[in-house]
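Please look over the sequence and the structure below. A short report on them follows.

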Amino acid sequence: MPENIFKVNEEEYMLPGNRACQGCGLSLAYRYALKALREDTILTIPASCLTVLHGLYPTTSVTIPCLNCTFASTAASAAGLVAGLTATGKTNTTVVAFAGDGGTYDIGIQALSGAAERGTDFIFVCYDNEGYMNTGTQRSSATPMGALTTTTPILTKEQNKKDMLKIMEAHDIAYIATTSPAYPLDLYDKFVKAKRIRGTRYMQIHVPCPPGWGYPPRDTVKIARLAIETGVFVLFEVENGKFRFTGRSKSLAEKGNRLPLINYIERQDRFKKMSVEQLSRFQKFIDNKWHEYIKKAEA
Amino acid sequence: MAETIIMTGNTAAAIAAKLCQVQVVAAYPITPQTSIIETLSQFIESGALKAEYVRVESEHSAMTVCISASTVGARVFTSTSSHGLLYMHEQLHWAAGSRLPVVMCCVNRGVGAPWSIFNDQQDSIAQRDTGWIQLYCRDNQEIIDTVIQAYRIAEEVYAPVMVCYDGFVLSHTMMPVCVPDTETVNSFLPPYKPHTFLSAEKPRNINPVIFPGMRHNSEGVLCDGYMEMRYKLQEALEKARDVIVSVGMQYAKLTGRDYSELLWRYKTEDAEILLTGMGSIATEATVAVDQLRQEGIKAGVVGIRAYRPFPRKAIQEALKNAKALIVLEKDISYGFEGALCSDIKAALYGTGLNAPLHNYIAGLGGRDVKAREIYEAVKTSLEDMKSKKAQNKTIWINCRR
C-alpha cells in the first residue's frame, strides 16, 4: 500500500489556469511531485513544455521558486544553485531540476552526467514524453521505435529508445526511481522519499502527450496505465544499487501477466505506420528489458 | 601592508579572486588559463579561501554554475580562454540578460581551426555583443587591480565583467606585482549584498518566457517587455563608464595606482601620431614610440582599458589632435577590418577629425610582434599616408601576403 495514502499534502503549488495542453500527462505528474517536494524547494527548468506550463512573464502558475535555464545546462544550473546555497549557508533547501527527455537524454546529458558523477546533492527529474513535444513532436533518443514524428514523418523512428535509466545506474547515484501519472500515490511516495535522501537522485516519469502521441486528451491516464501493463514502462526503484519493482509493475512481475504490446500501440496515432516486423521487434525489445529487470530484482 | 611579489599574470588573477573572497568558483581547464584554477584549488583545499569549488565537466557548465550561484546571492568567479569562452557563448548572453555580477578572467588565446594555444584577442572580441563589460590589462599589476575593481563595477551596475589579458605574454610571464592587503580590499569591496536573489522563502519564476509586448502582473502593474529589459541592459553598460571611472579613482586613492580613466596615455601631450590598442600590444607600442621620438617623430600611445562600454568621448578627446592614427589589434572581423578599428572610426564620426588611419592586424595565433617591427611599420605608414590613396588601410604585420 502506498506509504502516504492518507497524508497527501493538501496544499496546491500548481495553480489552475496554466498553459499546459488539455490532458497533459506532465501536468498530472507535476501537481503531485510539487505536493511531495513542498516548501524549502528551488526548481530549475530548461526550455521545455514545463516552461510553457509555468507561464509567461510577469505571471506564473507555480508557487515554488524557479530558475529558468538554457536547454543544455539544467543539471549544471542545479549544481550552481546547490553551490550558491551552500556558500550562503542555506543547506536545508532541496534543489530540483525538471527537464524533458530532450533536456535529459540528448542535449542535457553532459551536464547531467557531470553533476551525477560529482554526487551533487539534488533531484533530477526527467519527464519523458518521448519526443521534442514543445517544438511540435520531433524525434528524440527517447522516442520509441516505429513512432511517427515530424522529423520521422514517413519511415517512422528506426531505432529503439535509449536506456537512460541504465546510464544513470552506471553513475552509482543515491537513488533512482521511475514513476507515472497513472499512479499518483506511487509518484508522491517516491518524491517524498527522494526529498529525504541526500546526494544525486534521478527520477523518470513517463508522461503521455495527447497531441504528440495522437490520442484523445481524456485517455492520458489510460495510456499511462497501459504502458505499465504492457511493460513498455516499468515502475521500480534503485536504492544504493539495489533494484526493486514497485506498485503495479511489482504485481506484474510476481504474476507474469503483462499485456501484449499491441494493447498500448493500437490506441496511438503515432504508431499507425508501424510495420508488423517493427511491432515484433519492439515486443522483443520490451521482453528483453523486462527479463533484465527480473534478473536484477532476483539478484 | 601591501607586499610586492614576483608572479605570473595567472597567479595575480587567482590572488585577486581570493582577496575578493569569492564564494563559488566553477571552471574547466584550458590553456593558458589553467593555472588560475589550479592556484584557486590550492587556496580552497588548503582552507586559505572559504569557497565552494564546482569541478564542472565543461565551460558551458562553468558559466551555468556561476549564473545559478549568483542568482541565489553568492559572489562567483570563473576563468577561461579561447574555445572555452566560445563554448560559453550562450551562457554569456544568459548571465548578462539575467543582470548578474559574474566576474571572469579571459586569458586571451587564438581560436581554431586550426588549433592554436597561443595569444591573440579573437576569443573575447567575438563575445563583444553578449552584454558583458570588457576590461583589458596591459601588465600583471593591472590584472590583480582590475579583477578587484571588476567586482565593485559588476555589483554596482548588475552586469557581468570580463577581465581580459594576453595568454602567455602576461599569463605565464613573471613580473613584480604589488598585492594589496586584505584590509584594504575589504574596505574597498564589502561583501556582496544583492538587491534581489532567489530563495526558497520567496516564490518567483526567474527568466521565464516573455512576449514582445508589455504585460500586466497579477497586481495590475504593467511590467517590462523584452525590449525594455534590453534597453535597461544597454543603459547599465552606458552607465558603467562613469562607474568604472569612479571605482578606479577610489582604488587609486587606496593604492596609489592610477585607474582614473577608461584609457591610459603614453607621451600624448604633444603627440601628432597616435597609436592605439588593447592589452600587451599597446605596451609594445610604447617602446616603438620611444624609438620614433628619438627621430623627432612626435608619437604617443592611447591604450584602451574598457572595450565595452566603449569609451567614445574619451577617445574623441584623446585623439582630437592626431595627424595620423595607427590602430593595432590582435583580431580581425573577417571581410572588413579589425573590430577595434571600426569602433574607433565610429567614435570619431562627426567630430571633424579626418586624419589618415592605418589598421595593423598583428600577432594572430601568437605570431611575435616586436617593438622594432611596429616602429618600422609606422615609418612606412607615415610615408604611405602622404598619398591620397592610402588614407585608410588595413595592414597585416609580420605576415606573408
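Why is strand β7 (residues 161-166) of chain B largely enclosed by the rest of the structure? Six of the six residues of β7(B) are buried, so the strand is largely enclosed. A residue is buried if 20 or more other C-beta atoms lie within 10 Å of its own, exposed if 12 or fewer, and partly exposed in between, with C-beta atoms placed from the backbone. Helices (H or I, at least four residues) and strands (E, at least two) are DSSP runs, numbered from the N terminus.

This is a predicted model, in which local features need pLDDT of at least 70, side-chain atom pairs count only at pLDDT 80 or more, and totals for chains, interfaces and linings use all residues. Residues are numbered from 1 along each chain as its sequence is written, while chains are lettered from A and ligands numbered from 1 in the order in which they are written.

**Around β7 of chain B**

B:Val161, B:Val163 and B:Tyr165 point one way from β7(B). B:Met162, B:Cys164 and B:Asp166 point the other way. In a regular strand the side chains alternate between the two faces of the sheet.

β7(B) pairs with two strands, β5(B) and β6(B). Two strands pair if DSSP finds at least two bridges between them. Strand β5 (residues 103-108) of chain B runs parallel to β7(B), joined by six bridges. There, B:Val103 has B:Val161 as its bridge partner. Strand β6 (residues 133-136) of chain B is also parallel to β7(B), with four bridges. B:Ile133 stands opposite B:Val161. From β6(B) the chain crosses through helix α7 (residues 140-157) of chain B to β7(B), and this β-α-β crossover is right-handed. That term applies if, with the strands pointing away from the viewer, the path from the first strand over the helix to the second runs clockwise.

Helix α1 (residues 9-19) of chain B is likewise largely enclosed by the rest of the structure, because eleven of its eleven residues are buried. Among them are B:Gly9, B:Ile15 and B:Leu19. B:Gln21 follows α1(B) and has a positive phi, near 50°.

**Core and domains**

The largest nonpolar core has 212 residues. Such a core is a set of buried Ala, Val, Leu, Ile, Met, Phe, Trp, Tyr and Cys residues joined through C-beta atoms within 7 Å. A:Val125, B:Val24, B:Val65, B:Val147 and B:Val163 have the most contacts inside this core. Domain 1 (3-188) and domain 2 (263-396) of chain B both give residues to the core, so it lies between them. The domain bounds come from an automatic or database domain assignment.

The C-alpha centres of the two domains of chain B lie 28 Å apart. Their contact takes 23 residues from domain 1 and 20 residues from domain 2. Two residues are in contact if their C-beta atoms, placed from the backbone, lie within 7 Å. On the domain 1 side, α6 (122-125), β6 and β7 of chain B each supply at least two residues. The largest share, four residues, comes from β6(B).

**Between the chains**

In chain A, 41 residues are in contact with 42 residues of chain B. α3(A) gives the most to the chain A side, with ten residues. B:Val24 touches residues of both chains, including A:Ala83, A:Gly84, A:Ala87 and B:Val65. A:Thr86 lies in helix α3 of chain A. A:Thr86 counts as partly exposed, with 18 C-beta neighbours inside 10 Å. Not counting residues up to four places away in sequence, A:Thr86 touches A:Thr91 and B:Glu52.

Two bridges join β2(A) to strand β9 (residues 205-206) of chain B, and the two run parallel. A:Leu67 stands opposite B:Ile206 there.

**Backbone angles**

| Site | Feature | Angle |
|---|---|---|
| B:Ala113 to B:Pro114 | cis peptide bond | omega near -5° |
| B:Arg308 to B:Pro309 | cis peptide bond | omega about 0° |
| A:Glu130 | positive phi, not a glycine | about 60° |
| B:Asn207 | positive phi, not a glycine | near 60° |

B:Pro114 is in the loop between β5 and α6 of chain B. A:Glu130 is buried, with 29 other C-beta atoms within 10 Å. B:Asn207 is partly exposed, with 17 other C-beta atoms within 10 Å.
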